[in-house]
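Try each task before reading its solution.

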Amino acid sequence: MALRSPAARRRHSTWTRTACAAIAVAGVTAFGVAAALARTTHPSHVKHRPAALAAPPAFIKAVKDSQLDTQPVAVAQAPSQPSSATS
Amino acid sequence: MHLTSSPIAWYAARGAGVAAYLLLSTVIVVGLLMAGRSSVPAQPRASVVAVHRFGGLAIAAFIVLHVATLGIDAWLPFSLTDLFVPFTNRVRPIWTGLGIVAAELLLALGITNALVRRRRIPYRVWRTLHYANWAVWLSATAHAVGVGTDRSSAWLTALMAVCVIAVTGVAAWRVTRRRPAWRVVAPATAVVAAALVTGAALGPLRPAQKPWNSATFSDRLTGNIDRQTGASRGLISLHGDGTGGQRVFVRVDLLATPDGISNTSLQLEYLPSGDRCTGEVTGISNDGRGFTGWCALAGATPARRTITGHWQASDAPGLVGTIASAPA
C-alpha cells in the first residue's frame, strides 16, 4: 500500500509506534508475570537469610541466672596504696 | 562472575527466558503472516516490517537479560564457557546447548538482517538464511521443554502450548493455503505439535522436584551435644544437620532441674525454604540416645509433624544417627 498523503504517512507512523510499544509492554509484562510465577511455583532459593538455630531465650536466661547463683560475689577490695618511687 | 546469591537474579533469569520465548513466537507468527501476504489490513508492509524488526530487538534484549542473570547468579554456577559454548554445560548439556545455539543463531540472523538492509548480501541469500529462524524457534522450544525450571508448571505448559499452536498452525496454513483440500492440515498440525510439547513437558522431561518442607522424610543425622550447667538449672542441647531427601537443621534443647526436665524445645529449619518448625520434645529414650517430639510449621499442610531422632554410641566427637519426620 503506497502512502499517498502526509496524513496517511503520519497515521501509519503512529500505528508502527503503537505496535512497537505494545510489543515492549507485552515483553515487560510477560517478564514480570513469569518472574513472579517462577517465585511462587518453584522457589529453589532460600526465601530469607537463614540464621543459626538457637536455644529459646527463656532457657538461656534460666541457665545464666543459675550460673550467677554459683559464682560468689567478689569482695570489694580497697585500691592499693599509691607509692612513689624511691631513689 | 557469580556476583549474587539473591533469588532475584534467578527469578529474573527465568522470567526473561519466558518473555524471550513468547516474543520469539509472536515475531515468527508476524513474519509468517507477512510472508504469506496476509499482512495487517490497512497497514503498509513497511510498518509491519518495522514492528517485526523491533520485535527481534526486544527478543535480543530479553536473551541478554536471561544470559546475564544466569551468569551472575550463584544458584547454577555457569562459567563463561558454559554460557557461550554449546553442549559444554554440566547441567543437561544437550538441552542447555540448544538454547545457546538458538541465541547465537538469532544473533547471526540479526547480522544478516543488517547486511541485507545495507545491500551487502543479495536478498535471495538473506531469504534463504532467514529460514534458519525455524531452527532458532525449534531449538528455543526444545530448550524450554528440556531444561526450563518451570517447564512442568501449569502456567508455562499452557503458555508453551499456545505458542506452539500459534507458530505451527500459521506455518502449516502458509504451506497449505493454496490447497483447499488440505485445509484441515493446519489445525491438525498445531494440535499434534502442542500435544507433543505438552506431553514431553509433563512426561519424560518432567523435572524431579526437590522436597519443599516435606512432612515425611528420614535423613542422616550428624551433630553435637552441648551442656551448660548452673547451680539449679542446666541446658542440654543437640544441634545438627539432617541430610537426605529433605535437608534440615535440627536443634533440641532440654532445660534440666534437680527434679528432672522442666522444659523442652524442638526446632527444625527446612532447606531451601528457611522455614522453621517449632515444638517440644515428648520423650527421651532410656539409653539417652534418642528423642521423640513434635513441631508445627505455620502455613504448611500438615502443619504438625512427629519428629524422632536416634544415634549410636560412639567414642568419636559428635553424633551420627537418623532423624525422621511423619505427619502427626
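**Exercise 1: the barrel**

Find the order in which the 8 strands of the barrel in chain B close, and say how they pair.

Solution. Step one: follow the 8 strands of chain B, which close into a barrel in the order β1-β2-β3-β4-β5-β6-β7-β8 with antiparallel pairing. Strands are DSSP runs of E of at least two residues, helices are runs of H or I of at least four, and both are numbered from the N terminus. Two strands count as paired if DSSP finds at least two bridges between them.

Step two: neighbouring strands of this sheet are turned by 30 degrees against each other on average, direction ignored.

Step three: zoom in on one pair. Strands β2 (residues 234-243) and β3 (residues 248-257) of chain B run antiparallel and are joined by 9 bridges. Gly240(B) stands opposite Val250(B) in β3(B).

A note on the model: it is predicted, so local features need pLDDT of at least 70 and side-chain atom pairs count only at pLDDT 80 or more, while totals for chains, interfaces and linings use all residues. Residues are numbered from 1 along each chain as its sequence is written, and chains are lettered from A and ligands numbered from 1 in the order in which they are written.

**Exercise 2: the largest core**

Solution. Step one: the term means buried Ala, Val, Leu, Ile, Met, Phe, Trp, Tyr and Cys residues joined through C-beta atoms within 7 Å. A residue is buried if 20 or more other C-beta atoms, placed from the backbone, lie within 10 Å of its own.

Step two: the largest such core has 60 residues, and Ala20(B) and Phe62(B) are among those with the most contacts inside it. The largest share, 17 residues, comes from α1(B).

Step three: Ala20(B) touches Ile59(B), Phe62(B), Ile63(B) and His66(B), leaving out residues up to four places away in sequence. Contact here means C-beta atoms, placed from the backbone, within 7 Å.

**Exercise 3: between the chains**

How many residues of chain A are in contact with chain B?

Solution. Step one: 37 residues of chain A are in contact with 46 of chain B.

Step two: α1(A) gives the largest share of the chain A side, 17 residues.

Definitions and conventions. A residue is buried if 20 or more other C-beta atoms lie within 10 Å of its own, exposed if 12 or fewer, and partly exposed in between; C-beta atoms are placed from the backbone. Two residues are in contact if their C-beta atoms, placed from the backbone, lie within 7 Å. Axes are lines fitted to C-alpha atoms, for helices over the stretch in contact, and angles run from 0 to 180 degrees between N-to-C directions.
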